[in-house]
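This report describes side-chain pairings and the packing of selected elements. The structure is shown first.

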Amino acid sequence: STTSTTVSAATAVSAATAVSTSTAVSTATAAGTAIAVRTGAAIDTAPAAAITADGRTIQVPEVAEEMEIDDQEQDEDEGELKSLSHELNLDELWHALSCCLDELAESPDSHAVLVLQPAVEAFFLVHATGAAAAAAAAAAAASAHGTTANQQANLAAGRATRAGEASGHQETRESQLSHLNELAPLSPLPSAQHASKEDAETSNADTSISVSSSLSAAEKFLKFAERHRSVLNQILRQSTIHLADGPFSVLVDHIRLLDFDIKRKYFRTELERADDGIRREDLTVHVRRDHVFEDSFRELHRRSSDDWKNRFYIVFEGEEGQDAGGLLREWYMIISREIFNPMYALFCTSPGDRVTYMINSSSHCNSNHLSYFKFVGRVIAKAIYDNKLLECYFTRSFYKHILGKMVRFTDMESEDYSFYQGLVYLMENHVSALGYDVMFSTEVQEFGVTEVRELKPNGEKIQVTEENKLEYVKLVCQMKMTGAIRKQLTSFLEGFYDIIPKRLISIFNEQELELLISGLPNIDIDDLRANSEYHKYQPNSLQIQWFWRALRGFEQADRAKFLQFVTGTSKVPLQGFAALEGMNGAQKFQIHRDDRATDRLPSAHTCFNQLDLPVYETYDKLRHYLLKAVHECSEGFGFA
């Protein structure tokens, strides 16, 4: 049975490889025809022959003998022109290709997928244009229905990056900071998150994703790309062509399909292209070792953003060291620690995990705090620009602000867990169950003084009811995570976007941004296992054995994302996992048994370093669901 399956797969792969060349020729011929037709030209396309991989000659079907469309007919039939994918009618080929890619995805040889790369490129050439057009149409439709400018920008982030850099277009300050004034849709409650994810899992498991002729070109493309995401990333990982220039350029408009290393490679190339032809000089920065932050601020805060893009040449006063790169790295290390110096009152640790940092809402006690925040924003962006790592770990909401994403209700969990729990209770129960009246206002404490701030005009006199409680939750979360620190955020982001455009940094999610700033950690699985606790599981339970086996097999990036999933950050304690912190102090990693249905994803409580693991029936299912939860956590799925 195994042998016949392998032979069958090999036969299918060979067949698809044999037709891939002729497909590309046919695609090119039809593409030329379609372009000419749209311009009203007459075409006489002769039959062409293609040589396949095994040496056979295949006659390419004649696409059209003669086509003439005058201006009047073009106006009448413009909306009826058939897409290239419809004209070629290659659904059976794409289905066969899809089956072959499924087989190759299981191959331990990462180069095996390259055998079908020409056929995959042909698929993209045929369907990608429709997908790009659909993305543009979706942006226009979103605008017509009142979708926020920030959401439209994120939808076309990749396309805007290429077009903006090519035309020299500069983002306006208003567009860069627009997300600070917008409200995100309310995140679903944990139960709703699990339910929607279970529905999606069931749908994906039970439904064949074969390319159907009833789907549009855009839908075919997206289903194909989703199904073969891992294979596409393997091809891109080995490609020497810049993503924006090759046949897979449409993926820039669907950046969520790309792995972190592919995004990072694209990001770095785009930064280099933006500097192409610009001569960068050395910029000498004189600092005293004991006053790195103040001296660096004094030397750099009046410099232009173009000056900041020069190479910094660090000189430590009173020392003879010559900076060949080592002193710059040391400068980054020192200043990244000084940013969090309590003396400057810029940041404070999050009460949720006591490890990550958030903006200090009382930073105005430092009269120079807004200038400092702009400086810090430039320092962090400059480190990314220089491809240097910093010892900086922030809360999820702070990373979202950098990315131009609106903060959500679920982000409150890591910033103020008790307040978050109160909001969950309000949403899950009737307002009358609280036993007291809640108004559209919130209390803010500064220096021991309590101040009441209204969430909306006349909010102190507007009572929260069952009908408007969701609006209250959105407004109070917006106030606590954005409104209370709006001035500080604005200054920080102005500095950051001076160095790196918002449209470019926004290709990452918040977990990936942390890895971009702080690097991939070295996670010792044996140390983590030695400092773990189990609840309703035993160390020798089958699911626990499978869990550690799966985690040990994860790649470095997936291990980092797992650590982010269960603790809220990728930071590994200097003393090892025995020193892992939770909201109440030292808290080891713990795995709780989840006795609910086994078609649920694992969930996490980051404030307690806790993983809730269902009793999965097989190792493969456990590993698949664990990876799914880790990869989807940026959108809130999988969190409890």
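The sections below cover the basis of the model, aromatic pairs, charges over rings, salt bridges, and a group of strands with a helix.

## Basis

This is a predicted model, in which local features need pLDDT of at least 70 and side-chain atom pairs count only at pLDDT 80 or more, while totals for chains, interfaces and linings use all residues. Residues are numbered from 1 along each chain as its sequence is written, and side-chain values use heavy atoms, with hydrogens and water left out.

Helices (H or I, at least four residues) and strands (E, at least two) are DSSP runs, numbered from the N terminus. Buried means under 20% relative accessible area, exposed over 50%, and partly exposed in between (1.4 Å probe, protein chains only).

## Aromatic pairs

Searching the whole structure gives 37 aromatic pairs. Rings of Phe, Tyr and Trp (its six-membered ring) pair if their centres lie within 6.5 Å; planes under 30 degrees apart count as stacked, over 60 as edge-to-face and the rest as tilted. Phe347 and Phe394 make a tilted pair, with 5.5 Å from centre to centre and 50 degrees between the planes. This pair links distant parts of the chain, 47 residues apart: Phe347 is in strand β5 (residues 347–349), and Phe394 is in the loop between α16 (369–385) and α17 (396–403). Phe347 is buried at a relative accessible area of 5%, and Phe394 is buried at 1%.

Tyr417 and Phe608 form an edge-to-face pair, because their planes are at 90 degrees, with ring centres 5.2 Å apart. Here too the pair links distant parts of the chain, with Tyr417 in helix α19 (residues 417–428) and Phe608 in the loop between β13 (603–605) and β14 (610–614), 191 residues apart. Tyr417 counts as buried, at 15% relative accessibility. Elsewhere, ring pairs join a cluster made of Phe340, Phe347, Tyr357, Phe373, Phe394, Phe398, Tyr399, Phe492, Phe496 and Tyr497. Phe347 and Phe394, the tilted pair, are both in this cluster.

## Charges over rings

A charge sits over a ring if NZ of Lys or CZ of Arg is within 6 Å of the ring centre and within 35 degrees of the ring normal. Lys382 lies over the face of Phe312, 4.5 Å from the ring centre. Lys480 lies over the face of Phe419, at 4.6 Å from the ring centre.

## Salt bridges

Side chains of opposite charge can pair when their charged atoms come close. The search of the whole structure finds 28 salt bridges, each a side-chain nitrogen of Lys or Arg within 4 Å of a carboxyl oxygen of Asp or Glu. One of them joins Glu319 and Arg289, at 2.7 Å from N to O. Glu319 lies in the loop between β4 (311–316) and α15 (326–338), and Arg289 in the loop between β3 (282–287) and α13 (292–300), so this bridge ties together parts that are 30 residues apart in sequence. Both residues are partly exposed, Glu319 at 37% relative accessibility and Arg289 at 32%.

In the salt bridge between Lys405 and Glu510, the closest N and O atoms are 2.9 Å apart. The two residues are 105 apart and link distant parts of the chain: Lys405 is in the loop between α17 and α18 (412–415), and Glu510 is in helix α23 (residues 510–518). Lys405 is buried at 19%, and Glu510 counts as buried at 2% relative accessibility. Lys469 and Glu466 also meet in a salt bridge, at 2.9 Å from N to O; Lys469 is buried at 6%, whereas Glu466 is partly exposed at 31%. Arg237, Asp259 and Asp261 are linked in a network of salt bridges.

Strand β12 (residues 589–594) is largely enclosed by the rest of the structure, because five of its six residues are buried. Two strands pair if DSSP finds at least two bridges between them. Strand β9 (residues 532–535) runs parallel to β12 and is joined to it by four bridges, and β12 runs parallel to β14 with five bridges. Gln590 in β12 stands opposite Glu533 and also opposite Gln610 in β14.
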